[in-house]
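Biologist: I would like to go through this entry feature by feature. Please give the general idea before each case.

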Amino acid sequence: MNSYDVVIVGAGPAGMACAAEARQAGLSTLVLDEQPRPGGQIFRDIEVSDPGRRALLGKDYAEGARIAEAFRASGADYVSGAVVWNIDSAKRIDYSAGGRSHSVEAKSLVAATGAIERPTPMPGWTLPGVTTVGAAQILLKTSGIVFEDLVLVGSGPLLWLAASQMITAGVPPKAIVETVPKSRYRAAARHVLRALPGWRYLAKGFAMMRAVKRAGVPVHRDAEDIAIEGDSAATAVTFTSGSKRHRIETAHVALHQGVVPNQQMTRVMNCQHRFDESQRAFLPVLSEDFETTVPGVFVAGDGAGIGGAKSAAMRGRLVAMRIAETAGKPVSGERAKLRTALARDAAVRPLLEALYAPSDDVLSPADAVMVCRCEEITAGQIREAVALGAPGPNQVKSFLRAGMGPCQGRMCGLAVSEIIAAARGESPSTVDYYRIRPPLKPLLLSELAGLGAEAPREAAE
Amino acid sequence: MPQRIDTSGETVRFTFEGRDVEARAGETIAAALIASGETTTRASVVSGAPRGPFCMMGVCFECLVEIDGVPNRQACMIVAEPGMTVARQTADEVAA
Amino acid sequence: MTNRTADLLVIGGGIHGCSAALHAAMRGLDVVVIEKDTVGRHASGVNAGGVRRLGRHYAEVPISQRSMEIWHRIEDLVDDDCGFQRAPQIKVAESEADLDELKARAAHLRAMGFEHEVVLDRGELRAHLPAVAEHCVGGLASLDDGFAQPYQTTFAFSRKARSLGVRFEENCRAQRVTRVGSDFKVTTDRGVFSGRRLLNCGGAWAGEIARQLGEPVEVEPTAPMMLVTGRMPRFCTAVVGNQSRPLSFKQMANGTVVIGGGLRGRALPETNVSELIFSELRRTAETAIAIFPIMKGASIVRSWAGIEGRMPDGIPVISPSSTQEGAYHAFGFSSHGFQMGPGVGEIMAELVATGRTNAPIAPFAITRFAPEADASGSSPTQTEGLSA
């Protein structure tokens, strides 16, 4: 079996920067990534998008090109289209690529699998035509596809970024329905001073909002009780704003309530996690150098806690420096500087987290709302299971099949933990999260049957 | 309706439910379907309700389609190739 | 302040602990169940769900029969259907040699007075399993067996027990068992419990309790591995095993297929962690495809391995304590205890309440592992490796 000093899963900013730094330290490095091309979601298709598209996606997107170039030049091995489906306690990684499975061993493993969008259960969210805001942005980045009737619903910086990019592309969204309650502004205000070192982010945010205003896009604020109407596909969004019920006809709705760490990989490796009240999400428990509670397993990028693309790349480099240090290589003189820059880059986060905390609507959806999309389990069914005595997500999963479909809980996990916690009067930190079992993504049985029949490693009973 | 902001570049063609669909070279099946106005790619295996691409990044598994006879493929993760036969996944195919 | 005294303290909230607690409560006993995690957390909540008499160790057959009778009226007992579905259990023979072994077994059982296992010829096999591969020559079936939903079942037993007054102390680990006068004291991380009787249903963790009672036995923690696929068209209504290769195969009503078969993953009972070994599971995948070619197109969406205890001879301990009067054991079901849960719980409750039972439990005595045990006596000679 092939073996590497460092195996990095994910080729977004964190994975690419980590790989380049690891190579610079002389470590053998492999990067496995699901997508056909490097970039991750934030810099998706960065190598192939034409200058025009880059211009409209903005300066931050174009910066991804520099990271990708350094990655390509680093000499790290890279397998695209590689779906990692298991990692065991000995850091043996099984992945599927080109229709068959391969195994590789890592001395150090870096999960750079980034973030996913928070589940946003609400009436009608499973209708065709409804996507995440991230999905709408990916369509723009990869294919230059835009919708003239798109209604953006929810909250968070990505909502405004997507809107301003669409405006630059010449096809502004039909409306923005923002769910930030008025009370949040006061809650966020106390973080303003601390956020000042991140003034560039704030300035960018205001610029995006101004662009939306200039373009004349209707913005409905403090919206609640949102529902998407439609029979076989979305036809309208309805909501209450300014104590009035509104209805906007559209076939395309994009939802967003912030992004959260993609925990699948660290969960499957039994790394410890904690619930972060400010990010309202589970984060892996990490050392200063981003090492998990499982020795030799690191998390770089948004998977370590949401910090954005700049932080992701810095974290990736710091992880590589730590791995190099452990391997007895001289430590880069840039480490202290990077740590300072990372802290500065994070200054704006508490403000954003307070302002854009998920709305109550999606944290405690009505009984009739479908929470587990795969198995079609409603919030009411989950509450009934709790009333019968189910103490946590794993019992609810065993009892109702919530989280047992092909998405393996990615689309419902956080919502299920929140609903159970609320019903039991506990914190999500107490009720915890689904146990994640391999395969991390569905795997053909025939592919498993053909798995390279390596001798079983010494049984670690 | 979806629009493409640029129409340059090479195209490939595949079929979806017997209908011809044009994709930009290198783009995913899901993106090409959406650009062609198609938002429904499968029926829920539980209720039969229509579903379509949701996350476009391989995590929601809503865009499962049948490609050249193989079911349960993620349309948002697979690049469109010329001549592919793509079909909507119906509830009956996976569970009677 | 909760009441920390009871007629019976049960250690372990798996299917056996919950069933025994329920049956004891039905006999009027005041019961506390002490569970270190939550009810059904390990193998009782995550197993293949087979409700199987077929292919059992001969010593287990009478108890398995008794349990089967309860399964057929499970909803009357626990007010929940437990997802139980009657279905044939079939062991497939891939060769004439396999079939000969199965025929010999059926004959042996008939001689014991049991008629539930019947030999299937080539045609009969296909009548039950139209999708079976061409090379399979026949099989052995127990037509009135079935399968159930493991967590739903264990949870239902605990709920019914609760409704009859059984108290469940979850997230409460039994650390020390001592005798004070005629009572047992169980020291936990959440206080001391006291009871007139003690029942050890601790699964993979039962060995430590037995040791503290002065009768050490070797309980090996194991984690039988299972795969589950996405939904598939209905093609199989029976639960299928294999005579010469490990396999346990069933299609649930929703179309998903659960594949197990006794291949064991890594079990780390100290941390509650179990780990799948895919280089081993490769064989399970191979066998499933060999028996059912339709499985070539199946995709695996999940896998599990519930931790439980295996005895050196592969059959459980169902036994009064040999050292402490009033203490009892039901553990070490060695990957095939789920079906026996209802019956063994009834037997244990009878033992606890009356001190005696007519059930033939002698082969399961804890004394069979004592150094001075008579090896030629009741000690079992046959091992068996199928998972529940």
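Modeller: Domain bounds come from an automatic or database domain assignment. This is a predicted model, and its chain C is divided into domain 1 (5–49 + 151–219 + 311–369) and domain 2 (89–143 + 221–308).

Biologist: How far apart do the C-alpha centres of domain 1 and domain 2 of chain C lie?

Modeller: They lie 29 Å apart. In contact are 16 residues of domain 1 of chain C and 13 residues of domain 2 of chain C.

Biologist: How should I read the area between them?

Modeller: The size of an interface is often given as the accessible area lost when the parts come together. Domain 1 and domain 2 of chain C bury about 1,100 Å² between them, with 54% of it on carbon and sulfur atoms. Between these two domains of chain C there are seven residue pairs in polar contact, both residues at pLDDT 80 or more, and zero salt bridges.

Biologist: Which strands form the open sheet in chain C?

Modeller: The order is S3-S8-S4 in chain C, with antiparallel pairing. Strands S3 (50–51) and S4 (85–86) of chain C are the edges, each pairing on one side only. Two bridges join S4(C) to S8 (residues 146–147) of chain C, and Gln85(C) stands opposite Phe147(C).

Biologist: How many residues lie between S10(C) and S11(C) in their hairpin?

Modeller: Two, and Gly181(C) in the turn has a positive phi of about 65°. Six bridges join these antiparallel strands of chain C; Arg176(C) stands opposite Thr187(C).

Biologist: And confidence in chain A?

Modeller: Where pLDDT is low, the predicted coordinates should not be read in detail. Chain A has a mean pLDDT of 94, but pLDDT stays under 50 over residues 453–461 of chain A.

Key. Residues are numbered from 1 along each chain as its sequence is written. Chains are lettered from A and ligands numbered from 1 in the order in which they are written. This is a predicted model: local features need pLDDT of at least 70, side-chain atom pairs count only at pLDDT 80 or more; totals for chains, interfaces and linings use all residues. Side-chain values use heavy atoms; hydrogens and water are left out. Two strands pair if DSSP finds at least two bridges between them. Helices (H or I, at least four residues) and strands (E, at least two) are DSSP runs, numbered from the N terminus. pLDDT is the predictor's confidence in each residue, from 0 to 100. Contact means heavy atoms within 4.5 Å. Buried area is the accessible area (1.4 Å probe) that two parts lose on being put together, summed over both. A salt bridge is a side-chain nitrogen of Lys or Arg within 4 Å of a carboxyl oxygen of Asp or Glu. A polar contact is a pair of N or O atoms within 3.5 Å; within protein, one must be able to donate a hydrogen and the other to accept it, and residues adjacent in sequence count only if both atoms are side-chain atoms.
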